[in-house]
Amino acid sequence: MVDRSSSLDTSYKPGSFPINNNVTIKFKETTNLNLKQIACWPDTLFQSETYIKEKLNIEKVPHFNEGILNDENSIWRIEPLKWWILKNNLDLPDHLGTNLDLSHAYTSINITGENTTLLLNRFLPIDLRESVFKANSSASSAIHHVNIKLLKFSKNNFQLFIPRGFALSTWEILLETAYQFGYEISER
Amino acid sequence: MSSRRIENFGKINRQKQLKFSWENKNYFGYQGDSLASALLANDIRVVGRSFKYHRPRGIMSCGVEESGGLVTIGTGDRKEPNVRVTSQELYEGLIASGQNAFPSVNFDLASINNLLSRFVPAGFYYKTFMGIPPFEWGSGTSVWMFFEKFIRKAAGMGRSSRLPDPDVYEHANDHCDILIVGSGPAGIAAAKEAADRKLDVILVEQDNMIGGDQLSESEFNSDEAFKELKSLGVRVMKRTTAFGLYDNCVLGLVERVEENVTLSDRRLPKQRFWIVRAKHVLIGSGSFERHIAFNNNDVPGSMTVNASKHYLNRYGVLTGKKIVITTNNDSVYSTAEILAKAGANVIVLDNRKETNIDLNKNNFEVINGVVPYNINGSKKINSLDIANSINSKYNKIDTITCDQVLMSGGWSPAVHLLSHRGVRPVWDTENLCFVPGEPKENITVIGSARGIWGKGDCIDSGIAGTLDAINKLGISKTDYFFPKQGGWMNPIEPLYEVKSKKTRSKSFVDFQHDVICDDVRLAHREGFISVEHLKRYTTLGMANDQGKMGNIIGLSLMADLLGKEIPEVGTTTFRPPFTPVSIGALAGRSVGKHFMPLRTTPMHAWNLENGATMIDAGLYDRPWYFPKSNETIDEAYIREAATVRKTVGICDVSSLGKIAIQGPDSTEFINRIYTNAFAKLPINKTRYGIMLRDDGIVLDDGTCWRLSDNEYFMTTSTSQAGKVMSWLEELLQVRWTDLKVNVTSVSEQWGVAAISGPKTRDVLSQCLEDPSTISNENLPFMCFISATLKGGIPCRIARISFSGELGFEIYIQADYANIMMDILWKSAKQFDGCLYGVEALGALRIEKGHVTGAELDGRTTIDDVGLGKMASDKKSYIGSALRKRGVLSASDREKLVGFFPVNKNDTFASGTIICEKNNIKGFGVGRITSVTHSPELGHWIGLGFIKGGVEEWKNINVIGSDPIRNKQIEIQVVSSHMLDPKGERMHG
């Protein structure tokens with residue numbers, strides 16, 4: 001199989017871009033994304049949760065706008081009846097719900113560093129304070145009118161999902177904004 | 001006025017000298033200076049000219065209420081007019097100049113307006129264009145058009161740069177438990193109390209130092225206060241103005257990020273527009289000292305009393321040598337003492353007959369029972385006439401030689417932010433000011449904004465404000481009380497206007513708009529007695545001043561004229577912004593290339609590498625055409641379209657909307673939304689479908705593929721993709737909640753290439769692992785199949801044609817799109833194929849009579865576009881009932897047709913109106929929606945609508961009228977299927 005390309009290929013320039021000798025934000029694109037969306041119906045929610053717990057060997061299914069991230073699993077409930085699965089290859093049976101591959105639909109960027117929250121709040125109206133938006137939280141919002149999904153892995157460690165077609169434009173405006181904080185783009 | 005810098009006063013850094021320019025001359029100030037204090041320190045008296053009369057104006061305050069010192073900062077693309085000198089920090093290299101004056105503010109030719117003032121009273125503007133009685137001579141548009149350019153030239157203050165703004169602005173969001181507006185004693189106390197209780201606190205201060213009115217106290221240390229708050233975890237935002245308070249404690253803030261330095265790095269933001277969502281808001285925005293209206297109260301050297309104290313104790317500038325303070329309240333006495341201590345000769349005129357002030361008055365004189373009557377001087381104060389009052393008549397009794405007149409007619413709490421929430425202020429008869437009403441939201445007013453004058457009481461009110469917030473937020477129940485409003489030893493006495501005996505006195509109410517007391521009286525005489533009418537007739541309290549200085553005086557005058565009390569007259573509504581917000585801050589980063597987010601297809605980079613000229617199509621950047629060397633767009637698209645008809649062409653059509661429809665009720669769902677039957681669509685078949693709106697008008701068209709029993713793949717037009725997706729979501733979430741269907745946009749998941757032309761199968765066969773996949777038997781028209789491109793790349797291939805030629809659409813997972821294009825293009829080149837863009841795509845579809853958004857424009861029905869046969873009579877679907885309304889099925893509705901020019905060399909444009917030959921007027925009988933040169937037919941063609949359709953216009957030519965281009969040509973009406981009407985090519 002041939003290599004996958006990224007929407008950021010032409011503008012992804014790894015390197016360090018400090019300001020006043022400081023780098024407070026790091027970007028890294030997550031390439032070769034593996035993203036599956038599974039969805040159930042209101043009357044199959046309980047069964048679906050049981051099925052997911054069994055198949056993924058987890059104690060409980062995350063609540064809406066929350067996720068579970070560990071060595072084996074990365075599952076995020078991005079809508080009340082929809083989950084994103086980033087590591088495993090789980091399919092719901094037809095009688096419980098539907099499955100959809102979205103691996104090419106998004107450009108995914110990992111953003112870390114002490115000023116990550118400040119950068120994200122330049123665009124997002126979400127309350128990202130540590131006490132409110134805790135680790136393993138997720139949110140749907142918009143950057144520059146473009147719908148995005150945001151997952152929080154840990155303190156100052158976020159994963160941003162941008163619709164592929166808007167990724168180039170969003171990437172540029174993120175970098176322009178991050179200039180004031182000093183940033184680094186890691187090798188993919 | 002003779003102002004100067006003095007030793008032993010002020011908080012400026014005298015070790016750091018800053019050079020600045022005023023009116024093309026160089027001066028020096030110090031770090032910590034405002035432009036106002038630096039100008040005063042250099043004894044510059046006249047800094048502006050008034051709006052209408054062009055009277056010389058000096059610095060009149062020390063804050064955002066400044067009405068005299070409005071200047072222009074910067075040059076070239078960084079020129080910014082109407083900047084208040086009191087709010088502008090001094091920085092090295094600052095360039096400032098006067099405005100609204102020619103040739104300079106010191107000598108302004110337009111000051112002749114002052115002599116002609118009797119001809120330009122309030123409302124002159126409106127009256128001028130009503131004409132001169134009794135025959136209204138001069139009324140009407142032509143007179144307005146004549147005078148307009150002169151009036152517009154004369155109007156306004158400074159002039160902004162016409163060059164693009166080079167600076168960067170940005171938006172930001174934040175959240176907190178308590179947001180405190182203002183860092184005066186109340187604000188700081190509130191912040192400390194809240195931080196002690198482990199709340200997340202933001203303290204907003206518009207100044208570059210915290211402290212508010214305490215900055216005028218010599219003993220107050222702003223840096224220490226700042227450090228203490230920071231150590232407590234309070235987030236202090238200096239240089240940040242809360243300009244608006246909105247629903248649910250949402251505040252709009254503007255932060256002047258780098259205004260104190262010349263930005264050498266233009267990538268750093270100059271201003272930041274914040275939206276902060278707080279759980280509770282404490283407003284400690286302070287209060288404004290009022291002036292007093294009397295003749296010539298605007299001569300440079302006039303100033304509010306507290307401002308003079310600020311200049312002395314904050315900036316080390318003594319604003320006068322011989323100072324007269326005029327007042328009706330106790331607040332001035334501490335200032336009088338300090339000014340005298342600094343070396344000024346101070347006289348206090350207190351209109352109250354008796355006062356009991358507990359201060360050392362040995363170093364200044366107090367005269368009770370007298371008021372200011374008239375200032376003598378023009379560009380500077382020479383002396384002040386004073387008067388006494390007998391039965392409300394003022395009589396001049398003496399003249400005092402002086403160089404400065406300080407005024408204090410009382411204090412007005414800054415209730416603006418609360419007014420933004422619709423909370424009416426309440427008149428306090430004891431303190432002669434409007435105090436805040438009771439807000440219904442989580443908002444508490446503290447400090448002097450609440451009408452509390454004493455510093456100790458303000459601190460107590462700040463603590464009480466935090467406790468109030470804690471109670472309202474349900475955090476804890478704590479007893480608290482707010483100090484009583486007021487706090488002076490002696491009651492204030494009304495003193496709004498000292499009416500002059502001169503017939504045409506200039507007693508200014510609103511300095512910024514040159515509104516004088518006589519203007520208010522004129523408004524009353526002419527019936528504009530409502531406070532809202534008064535404002536609009538006289539412009540009192542309009543523009544960036546927003547009534548901060550003269551509102552109460554204007555109200556008191558109207559109340560007096562009406563024989564009412566001030567609260568009966570009411571007050572105008574203060575609206576955001578509290579102080580002006582630059583357009584750049586509002587726009588943020590949504591300028592230039594980021595004006596809109598750019599959307600690219602997965603083949604974007606490939607298209608550019610292969611020579612595409614791009615065009616904005618909605619948010620998409622799409623290939624417009626692929627020019628060979630020196631080709632024009634016309635030459636390119638005609639070549640491309642001709643190549644498609646002759647051999648083969650490849651086009652990026654990834655912008656099509658794509659929606660995954662999944663679930664056991666998907667078939668039922670699809671059958672309800674399309675006009676045609678989908679219930680029995682076999683797996684691996686695709687069908688063209690039309691969707692209607694509820695009202696029977698066409699919403700969109702597209703194809704729908706059946707992937708399995710319970711899964712479909714829908715395509716929509718590029719322009720309607722978002723609308724269709726929202727529509728399907730709405731149907732499922734609101735109307736048909738019983739259906740088990742999931743819809744998900746997969747537009748970004750798939751890249752799509754259309755490959756069209758007689759050689760298409762040959763080209764595509766070379767690209768597939770198994771060429772037989774696309775044989776006519778395996779993949780007949782309107783079917784799709786899963787296939788594998790060479791290299792093992794999975795794809796879906798649909799036998800669909802938009803061009804009318806043999807055609808396929810290849811759907812590929814987006815990350816493989818560039819590789820797919822490499823494979824297809826390599827093969828197409830062997831058959832003399834081409835790449836084509838949206839211009840050729842349009843030409844090909846117009847030749848075929850295929851409709852797009854130009855025809856499906858929200859006015860047309862399925863019958864109008866000739867697809868009525870696709871509307872099922874056997875099922876119910878969205879729009880099925882209302883499409884049968886008489887008006888939508890009338891025989892004279894406009895129907896889709898093609899248009900040829902009778903003279904084949906003629907061309908016409910989209911939007912051309914189709915008229916009968918003998919009746920060329922109005923809306924005509926039809927319209928042209930799409931045009932192109934047809935390479936196949938060799939002449940210009942069009943698609944559009946005409947009443948009755950092609951059958952009605954057989955052998956009857958019409959006129960294409962283009963009034964915009966002043967053009968009329970003879971046109972033949974033909975079938976919309978202008979090429980291959982039987983579709984033999986695409987079935988080939």
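This is a predicted model: local features need pLDDT of at least 70, side-chain atom pairs count only at pLDDT 80 or more; totals for chains, interfaces and linings use all residues.
On the α5(B) side, the contact is formed by B:Pro185, B:Ala186, B:Gly187, B:Ile188, B:Ala189, B:Ala190, B:Glu193 and B:Ala194. These residues meet B:Lys455, B:Cys458, B:Ile459, B:Ser461, B:Gly462, B:Ile463, B:Gly465 and B:Thr466 of α10(B). By class, nine residues of this contact are nonpolar, five are polar and two are charged.

The geometry of such a pair is described by the angle between the helix axes and the distance between them. For α5(B), which covers residues 185–196, and α10(B), which covers residues 455–472, the axes come within 7 Å. The two axes cross at roughly 35°, and the crossing is right-handed.

A further helix, α21(B), comprises the 13 residues 817–829. Buried positions in α21(B) are B:Ala817, B:Asn818, B:Met820, B:Met821, B:Ile823, B:Leu824, B:Ser827 and B:Ala828. In general, an α-helix has 3.6 residues a turn, so residues three or four places apart point the same way.

These helices belong to a chain that contains 22 helices and 49 strands. The C-alpha trace of chain B spans about 115 × 75 × 55 Å along its principal axes. Of the 988 residues in chain B, 53% are buried. Among contacts between residues at least 6 apart in the sequence of chain B, 66% join residues at least 24 apart.

Conventions:
Residues are numbered from 1 along each chain as its sequence is written. Chains are lettered from A and ligands numbered from 1 in the order in which they are written. Helices (H or I, at least four residues) and strands (E, at least two) are DSSP runs, numbered from the N terminus. A residue is buried if 20 or more other C-beta atoms lie within 10 Å of its own, exposed if 12 or fewer, and partly exposed in between; C-beta atoms are placed from the backbone. Two residues are in contact if their C-beta atoms, placed from the backbone, lie within 7 Å. The expected span of a helix is 1.5 Å times one less than its number of residues. Axes are lines fitted to C-alpha atoms, for helices over the stretch in contact, and angles run from 0 to 180 degrees between N-to-C directions. A crossing is left-handed if the near helix is turned anticlockwise from the far one by less than a right angle, and right-handed if clockwise. Ala, Val, Leu, Ile, Met, Phe, Trp, Tyr, Cys and Pro count as nonpolar, Asp, Glu, Lys and Arg as charged, and the others, Gly among them, as polar.
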